[in-house]
Amino acid sequence: MSQTTIRQPTETGLSGWAALAPRRFPARALEGAQSADWLIIGAGFGGLSAARRLRQLRPEDKIIVLDAQEIAIGASGRNSGFMIDVPHNLTSGNYSVGGADSSLLEIRQNRMAIAFAAEVAREYRMPATTFDPSGKINAAATERGLKLNLGFADSLQQIGEPSETLDAVQMREITGTDYYLGGVHTPGAVMIQPADYIRRLAEGLAGETDLFEHSPVLSLARKGPVWEAVSTRGTVQAPRVILAVNGHIESFGHFRHRLIHVYTYASMTAAFPAGAAGVDRWALLPADPMGATLRKITHDGQSRIVVRTHFTYNPDIRVSEQQVAKIAAQERRSFDARFPALKNIPMEFSWAGALCLSTNHAPAFGEIEPGLYSACCENGLGTVKSTLAGMMAAELATGTDSEPLRQFQQQPPPSRLPPQPIAWLGIQSVIRWHQLRAGREG
């Protein structure tokens, strides 16, 4: 396989998470000809988790990690920071779990990834503001949302999973607003500061791996027994390569016409006194998956709220500044409706972040050519699913036999999409319908 033109990530708007996450180690770019036992392309949740798992399995091997951008500037620093253990399918229209066996398997897999991340947090002494096992709330702002939450709580109860139903008074005590009619708290989720988590993980791996940032892969080709990646100022040769580039796996020639490239959007307020908007920290998912996700974070007596709304289908994996600005204005209105007392607090950051989905909720995973492995397509839960895929790719590539890997490999590949423009029309229509139906939840 050879690619002479590989699309590079394009991100619009500085993520508030990245702006607040201090950089503790210098960035290096790839220079000259390098060789390694392992090459990992992509330094997000998938790539860095693969690197850490490789260090555990092959501690003597040389590992090189390449990223086209600066650490945490891309998609890994642009999500909402929810590491969710219970099933969470954005394309289902609700969060109610499906069959008991499949749901319990997904929960075990998600918790394995969260436990892996918790070990990272302990080893690298991440503070509670970076890794917070406080759970999350599915918040309902409408009668329909309450019904969705009831179904979600019932489905969790059927498989023996704990949850706590909250009424409007409890939601007001937590959030400081009477916007919400109720909620369902699930205790197993971890709230992270995603950019800080990634930077601290990268810093911890720095002495054990060679990490090169600002080093886009322009081509990747087989050269006899090794793969050669060509960047702007250097090359890397390695017999085994792990691609942890999420939707950009299509740019490398694989899983084409099988992946849905979606952007979601977020805004973060400027800092305000911690006493406003309820307790110091809370995390809300919408009862309707197409509604608004909100988080309040507090540090050193100052709070901020992050609001994430809207999805757009961008099959070229590009988003414009105009799109970000337009949706930021809508997020301002959504925020003001919830917190009228904070209308004078400006939004300091607004940004977009890429998601990769498949119609059958399957990852783009496996050995796709001899010595070339994919850990891509997180299906809207990148913090957990990409962590898991990186772990599993390292085990697959090293020939490590494990029950979790065997179970993970049983998933089908992503389903093929209809041809364009049918796919474009269908996906846009579904997104539009779901966002309209979300109504006040958005």
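**Reading a predicted fold, feature by feature**

Mentor: Isoleucine 317 counts as buried, for its relative accessibility is 4%. The term buried means under 20% relative accessible area, whereas exposed means over 50% and partly exposed lies in between, with a 1.4 Å probe and protein chains only. Please keep in mind that this is a predicted model, in which local features need pLDDT of at least 70 and side-chain atom pairs count only at pLDDT 80 or more, while totals for chains, interfaces and linings use all residues. Residues are numbered from 1 along each chain as its sequence is written, and side-chain values use heavy atoms, with hydrogens and water left out.

Trainee: Where does isoleucine 317 lie, and what is its phi?

Mentor: Helices (H or I, at least four residues) and strands (E, at least two) are DSSP runs, numbered from the N terminus. Isoleucine 317 lies in the loop between β19 (302–313) and α7 (321–338), and although it is not a glycine, its phi is positive, about 55°. Alanine 72, likewise not a glycine, has a positive phi of about 75°; this residue is found in the loop between β3 (63–66) and β4 (82–83), and it is buried, with a relative accessible area of 2%.

Trainee: Which residues of α3 are buried?

Mentor: An α-helix has 3.6 residues a turn, so residues three or four places apart point the same way. In α3, the buried residues include Ser103, Glu106, Ile107, Asn110, Ala113, Ile114 and Ala117. Helix α3 (residues 100–123) has 24 residues, and its first and last C-alpha atoms are 34 Å apart, close to the 34 Å expected. Just after α3, arginine 125 takes a positive phi of about 55°.

Trainee: What angle do α2 and α6 make when they pack?

Mentor: Two packed helices are described by the angle between their axes and the distance between the axes. The axes are lines fitted to C-alpha atoms, for helices over the stretch in contact, and angles run from 0 to 180 degrees between N-to-C directions. Helix α2 (residues 45–57) and helix α6 (residues 194–205) pack at about 30°, with their axes 11 Å apart.

Trainee: How many aromatic pairs does a search of the whole structure find?

Mentor: Rings of Phe, Tyr and Trp (its six-membered ring) pair if their centres lie within 6.5 Å; planes under 30 degrees apart count as stacked, over 60 as edge-to-face and the rest as tilted. The search finds five such pairs. The ring centres of tyrosine 179 and tyrosine 180 are 5.4 Å apart and their planes stand at 75°, so this pair is edge-to-face. Phenylalanine 335 and phenylalanine 339 form a tilted pair, 5.3 Å centre to centre with 40° between the planes, and ring pairs link Trp282, Phe335 and Phe339 into a cluster.

Key:
The expected span of a helix is 1.5 Å times one less than its number of residues.
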